[in-house]
Amino acid sequence: MNVLVTGGAGFIGSHVSEAFLARGDRVWVLDDLSSGKRENVPAGAELVVSNVEDPGVRDLFRDVHFELVSHHAAQIDVRISVSDPALDARVNVLGLLNLTEAALEAGTRRFVYVSSGGVVYGESDDRPTPETAPKQALSPYGVSKLTGEHYLRYYRLVHGLEYVVLRYANVYGPRQDQHGETGVIAIFSNRLLEERPLTIFGDGEQTRDYVNVADVVSANLYAADMSLPAPSADLDAVALNVGTGVETSVNRLADLMEQVAGRARGREYCAARAGELRHSALDSSRLQGLGWLPGSTLEEGLRETFAHFAAHEGDAPKAERARAR
Ligand SMILES: NC(=O)c1ccc[n+]([C@@H]2O[C@H](COP(=O)([O-])OP(=O)(O)OC[C@H]3O[C@@H](n4cnc5c(N)ncnc54)[C@H](O)[C@@H]3O)[C@@H](O)[C@H]2O)c1
């Protein structure tokens, strides 16, 4: 297949690109390199440096017949979405529409849209949270991700564009950047390597569902090939949660990271971040029904991730390390 991975120079998109290449697909990466890095793009993939909002994207779709679009490019920072909701909407909503219109025009077979289970459900009492739970997005980022799901439902119902929504939990693994809340494992890894205390916001008893990027990649392969139900007005009909269902507190995560790293430099507790979710975990039984299962425990995944950061210590530009402090 010809596959377009938007955001393929970023953390998750680069792993997904590798997996498509490994199974013999031809891969194009569309990325403006705003947070992604050229060196993340796997050898064999063709990098097109462009903003998803650029009208020139239509030409790319006309030139290359993409069977599949895997849409990972996004404005992913909740705090930026709060300070500049219009910027968030331009990338996450108008950028998506530019791609879906191009896909429609060029006859793309399937569109895989990456949403976020951590934000579209908001603070849910029903945990692990199933796909059918109420959508209570609390931030402009959550609203823009959910809006994308509504647009895709429209494209399927009215224009027949096939799509699958993947609602990720908190993804971690090699190559994760240190920005945003979801980068806590990357941040902890680097702090431990620098022999510095781990910073924890609030009391550290907030919980998250940490899923290994390798498992997210296999979910993407299922989404590319799974058979789909008939078009439906149900927003959740083709949505799949991608998580482990296990809640881990930040304090527990810090313990595990210190064990994996074989070193500890204490903790620094700071004021809780306003608007931060208290608890989040996703029920992935639907995806498991297709044969998907998390391939590693959190401890194994943390070991592998810490080893990656240890091997690349010193690679991050100084400015980035300073920002992470
Ligand atoms: N990391 C997580 O835990 C997590 C959880 C839920 C959902 N997601 C979603 O997964 C996707 C990938 O996230 P990630 O963690 O790999 O982030 P990332 O920042 O590493 O990757 C995003 C990529 O998109 C590119 N990009 C940003 N704006 C762009 C634009 N306007 N045009 C073209 N390219 C642009 C960036 O340069 C980057 O390479 C995003 O859609 C994000 O919302 C991530």
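This is a predicted model: local features need pLDDT of at least 70, side-chain atom pairs count only at pLDDT 80 or more; totals for chains, interfaces and linings use all residues.
**Reading the helix pair, sheet and ligand shell**

Biologist: At what angle do α4 and α6 pack?

Modeller: The angle is about 20°, and the axes lie 9 Å apart. Angles under 35 degrees count as roughly parallel. So α4 is roughly parallel to α6.

Biologist: Which residues make the contact?

Modeller: From α4, they include Pro85, Val93, Leu97 and Leu104. From α6, they include Tyr141, Gly148, Tyr151 and His159. By class, the contact of α4 with α6 has 10 nonpolar, six polar and two charged residues.

Biologist: Now the sheet. What is the order of its strands?

Modeller: First, the general idea. Strands of a sheet pair through backbone hydrogen bonds, parallel or antiparallel. Here seven strands form an open sheet with parallel pairing, in the order β3-β2-β1-β4-β5-β6-β11. Strands β3 and β11 are the edges, each pairing on one side only. Neighbours in this sheet are turned by 20° on average, direction ignored.

Biologist: How many bridges join β1 to β2?

Modeller: Five bridges join these parallel strands. Valine 5 faces valine 29 of β2.

Biologist: Which strands does α4 lie across?

Modeller: Helix α4 lies across β1, β4 and β5, at about 175° to β4. Helix α8 lies across β4, β5, β6 and β11, at about 160° to β6.

Biologist: Last, the ligand. How many residues surround it?

Modeller: There are 29, and the closest are Gly7, Gly10, Phe11, Gly36 and Ala74. Elements giving two or more residues to the shell are α1, α4, β5 and β7. The largest share, three residues, comes from α1. By class, the shell has 12 nonpolar, 14 polar and three charged residues.

Terms used
Residues are numbered from 1 along each chain as its sequence is written. A residue is near a molecule or strand if its C-beta atom, placed from the backbone, lies within 6 Å of it. Helices (H or I, at least four residues) and strands (E, at least two) are DSSP runs, numbered from the N terminus. Ala, Val, Leu, Ile, Met, Phe, Trp, Tyr, Cys and Pro count as nonpolar, Asp, Glu, Lys and Arg as charged, and the others, Gly among them, as polar. Axes are lines fitted to C-alpha atoms, for helices over the stretch in contact, and angles run from 0 to 180 degrees between N-to-C directions. Angles under 35 degrees count as roughly parallel, over 145 as roughly antiparallel, 65 to 115 as roughly perpendicular and the rest as oblique. Two residues are in contact if their C-beta atoms, placed from the backbone, lie within 7 Å. Two strands pair if DSSP finds at least two bridges between them.
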